[in-house]
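Take a moment with the sequence and the 3D view below. Then follow the text through the model, one part at a time.

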Amino acid sequence: MQMNKKENRMPDFLKKLNQGRYKEAESFCPDSEEEELRDYLVKISAETKNISIYSFVRYMYEKTGEREWLLTAISVARPGLTWLRGGDSVALFHCRQLLKTEPGNKRVAALMEELKCIEPPSYNKVTDRDFFSALIQGDYETAAQICADRDLRGNLVDMACDTNNLCVYSFTRYMYEKTGEMKWLYTAETIAEIDMCWMEGGYAVALFHAREALEQEQTYKHYKGLLTFWMIPEKLVDDEEALEIASVVIRKEPDNDRALRVFKKNGRALPDIAVREPEVSEAMLQEINRGNYHKAAEYLQGFDEKQQNDILVRLQYQVKNGSIFVFLKYLHEETGDPRWDEPGRVIEAIFSAQRASGAHNCKVNKPELLEYEIRVVDRHRKKRPDFIIFGEGMNKEKVDYADLLLIQKEKNSKYVEFCTADQRFRKRISMEAAMEEARYHSFLLLNRGQAVNLRHVKSLAGDSLTLDDGTVISVSKSRLPEFSGCLERYWCSEENKKKN
C-alpha cells in the first residue's frame, strides 16, 4: 500500500479518534498495514502533539498485548510527549514494561537509563512525595502499593491539577487495565476532562473514556455525561448523536437543561413525555393534596410502568412529605396490584432519608397522612435498640434513649455529650454519627451541635425551648420553623396515642 493512500485516510482516522471511537478507528489497522500505520502515528504525533494519538496507541497495546504496539507507545511518548510535564516519565514506564519481557534489550535499557537521569520536577503541593516520585520514575507497581496502603485514589485528581503532570493520568489508566475496576476509569476520565482539556486531543481522550464507561454500564448518568462533549467549542459529539443521547436523558429528567438545549438548537420538537410529564405532575399533585386520589390516578394513564415510577419519585423529592406514601397506599388497596409495592418501598426510603436529614416538609394537615407517617417511623424504631451503651468492659452502662434529654457536641473536642436529668455521658463520635440512631428515638436538631428529645420538651416560646427539668435552650433561627412544626406534630401524635 502506498503512503499517500494512507495519508488520504488519515483525516477520517483522526476524526474517529477525536470522537473517542477507538473501535471504529481499528478498521484503519488491518494486519497487512499495521506497521505502516504505526510508523505514521509516530510521525504525526511528533508533528501535531495530539495526545489522543498516544491514547489510541496505548489502547491498541492494552487490547492486543503485542510488542510492536508497546514499542510504538515508547516512540510516541518520546519525543511525541516530551513537551508535556511527565512525558518522559510515561516513556520510562513503557520502557519498564518492555524490559520485563526483554531484559536483554540494550537499546531500551539505554533509553531507560537516559530517562532516569532526567532531574524530576519538584512540586511543593505534593504531600505524598514517595508516591509521586514512584510515578515520575515510571515505577507504577510501587506506586500502586503505596496508593492501596494509603487509599490515595481520591487525591489523584487534585494531584493531577496541582502538578499538571501526565504521569498521574497514565497511572490511573494502568490501574484500570490492571484491576478492571470502574472507579479507576472514572478517575481517568475526570483527569482527562479537567486537567488535560488544554492539550490538543485532551477532550477526545476524555470522550473515549466516557464511551468506555457507557459500554460497561448502560446508565443514565453516562448518557448525561456525553452531552458535555456536544456543548464544548470542539463539539466532539455531533448533533445527530446528541439528539439520540438527549432523547434518553430527557425521559429520565424532563427538565434537564443540556438535553433541552440540544432539541432547541436543532429545532426539534421535544418527545411527548418531556412535554406532558411536568404538566401531569403538577395536576396530579393538586389532586393528591385535595384528597382526590381517583382523579390523580387517572393522570398516570398513558405512561409506561417505568415512567409512572419516575413521576412518583420526582414528586416525592418535590413535596418532601408523606402525601405520595398515602397515594401509593390508595393505589395498592384500590387496585390490588402488587406492582405498587416496589415504588412504595422506594418512596418510603426517600422520605425516611428526608426525615433523617431534616429536609422533610412539616406543614402537613391531613390527619390520615400524619397517622401514616408516624406509623412508618414507628416501624423503623421497632427494628432498633431503645438504649445506648457507654463505657467499655466492666464499666459498661446501658442508658435508655427515653431517659436522655439532650445530645450535644463538646466545643473544641471530638466528643459528644449525652445528658440525662442528672448524668452526663461522653462518646468519641461525631454529632452526625450520634444522630444516625437518635433520630429514631424522638431526637431533633436544635442547631448544628445540639439535639433535644421531644418527649422532654415542656414548652416553646419564640426561640426559647424549656425542658421538663427546667433547662432553657435556644433554637437556631434557621431551624425554628422546621422544629416548631415537628414539635407540634409530635405532640399531636402523643395525644392521639393517649386517646386510643
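A residue counts as buried if its relative accessible area is under 20%, as exposed if it is over 50%, and as partly exposed in between, with a 1.4 Å probe and protein chains only. Keep in mind that this is a predicted model, where local features need pLDDT of at least 70, side-chain atom pairs count only at pLDDT 80 or more, and totals for chains, interfaces and linings use all residues. Residues are numbered from 1 along each chain as its sequence is written, and side-chain values use heavy atoms, leaving out hydrogens and water.

Start with helix 24, residues 431–438. Helices (H or I, at least four residues) and strands (E, at least two) are DSSP runs, numbered from the N terminus. Helix 24 has these buried residues: M431, A434, M435, E437 and A438. They span an arc of only 165 degrees around the axis, so they lie on the same side of helix 24. The arc is taken from the directions that run from the helix axis to the C-beta atoms. On the other side, E432 and E436 are exposed.

What do the buried residues of helix 24 pack against? They contact strand 3, strand 4 (416–419), strand 6 and strand 7. Contact means heavy atoms within 4.5 Å.

Five of them form an open sheet in the order 5-4-3-7-6, with antiparallel pairing. Two strands pair if DSSP finds at least two bridges between them. Strand 5 and strand 6 (443–447) are the edge strands, and each pairs on one side only. Strand 3 (residues 406–409) and strand 7 (residues 450–453) are antiparallel and share three bridges. One detail to find: L406 has V452 in strand 7 as its bridge partner.

Next come the rings. The whole structure holds 18 aromatic pairs. Rings of Phe, Tyr and Trp (its six-membered ring) pair if their centres lie within 6.5 Å; planes under 30 degrees apart are stacked, over 60 edge-to-face, and the rest tilted. F390 and F425 form a stacked pair, at 4.7 Å centre to centre and 15 degrees between the planes. F390 lies in strand 1 (residues 387–390) and F425 in strand 5 (residues 424–427), so the pair ties together parts 35 residues apart in sequence. Both F390 and F425 are buried.

Elsewhere, ring pairs link F13, Y22, F56, Y59, W69 and F208 into a cluster. The charged end of R38 sits over the ring of W69, 5.1 Å from its centre. That label needs NZ of Lys or CZ of Arg within 6 Å of the ring centre and within 35 degrees of the ring normal.
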